[in-house]
Amino acid sequence: MDFPKSCHKKLWVALLASLLSLAGSLSAGPQLGQVNRGLEMNVGLDATDVGQSRVPKFRVVLRNAGEDELTLNLGIMLANGKRQYPNAIVLIVTDSQGKARQFDLNEPEIIAGRMDPLIVPLPVGSTFSMPVDLEKYRAAGSGEFDHKLTPGTYFLEARFSGRGLTQQEANLDVKGLALMPYWTGSITSNRLRFEFPNE
């Protein structure tokens, strides 16, 4: 059965429009974070918190995408591990005007007593998932300690700076921790778009 040329043209236009729409939806979706020396980092909305709070909550996921076991030094622990602070992970929040700010954990403000590294072993193929609440962070890295997000569109990235542990930093009863093969370097997650709501 033959179709008029006008029908062929309309079909091609419809097909092209569909392909462009699909490409746009794919590019607007969440992007995977980079992989650096076997470590992959991603940030996304926290599915367990959807509808529970006014301000969106997030989750940072670190995955061992390599072929060797990894050991991460994510921050510090106080009071023999009773308080844990993954402050080696910071947040980069970019507003709709392109202004980027670094947000760091609010705590701990004062350190008194014993301090240990927050060590997370990451076997091949395993993941470590960490909830992120923006209300527990402040723009200290950008020197704007009192900065508050206003309603609008933002982009969120997480950045992990891995480092080792020196003999001087390790406590006397755990000097062997300084000998562990920590993952070192810097890795940044995907870029996640989110909306900060009105009051």
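Me: What share of the contacts with a separation of 6 or more comes from residues 24 or more positions apart?
Reply: Keep in mind that we're looking at a predicted model. A contact here is a pair with heavy atoms within 4.5 Å. Among those with a separation of 6 or more in the protein chain, the part from residues 24 or more positions apart is 73%.

Me: Okay, and what pattern does the chain follow along the sequence?
Reply: Start with the counts: the protein chain has 1 helix and 13 strands. Reading along the sequence, you get α-β-β-β-β-β-β-β-β-β-β-β-β-β.

Me: Which residue in strand 2 is the bridge partner of Asn36?
Reply: Strand 1 and strand 2 (residues 39–45) pair in the antiparallel sense, over 2 bridges. For Asn36, the bridge partner in strand 2 is Leu39.

Me: Which element gives the largest share of the lining of the largest pocket?
Reply: This pocket has a volume of about 420 Å³. It's lined by 19 residues, and those closest to its centre are Pro86, Leu105, Met130, Pro131 and Lys136. Two or more lining residues come from each of strand 5 (83–85), strand 8 (115–122) and strand 9 (127–132). The largest share, 4 residues, belongs to strand 9.

Me: How many residues in that lining are nonpolar?
Reply: Sort the lining of the largest pocket by class. You'll find 2 polar and 6 charged residues, and the nonpolar ones number 11.

How values were computed. Residues are numbered from 1 along each chain as its sequence is written. This is a predicted model: local features need pLDDT of at least 70, side-chain atom pairs count only at pLDDT 80 or more; totals for chains, interfaces and linings use all residues. Side-chain values use heavy atoms; hydrogens and water are left out. On a 1 Å grid over the protein atoms alone, a cavity is a set of points where a 1.4 Å probe fits but cannot get out, and a pocket is an open set with protein on both sides within 12 Å along at least five of seven lines; lining residues have an atom within 4 Å of a point. Grid points are joined across faces, edges and corners, and a volume is the space filled by probe spheres set on the points. Ala, Val, Leu, Ile, Met, Phe, Trp, Tyr, Cys and Pro count as nonpolar, Asp, Glu, Lys and Arg as charged, and the others, Gly among them, as polar. Two strands pair if DSSP finds at least two bridges between them.
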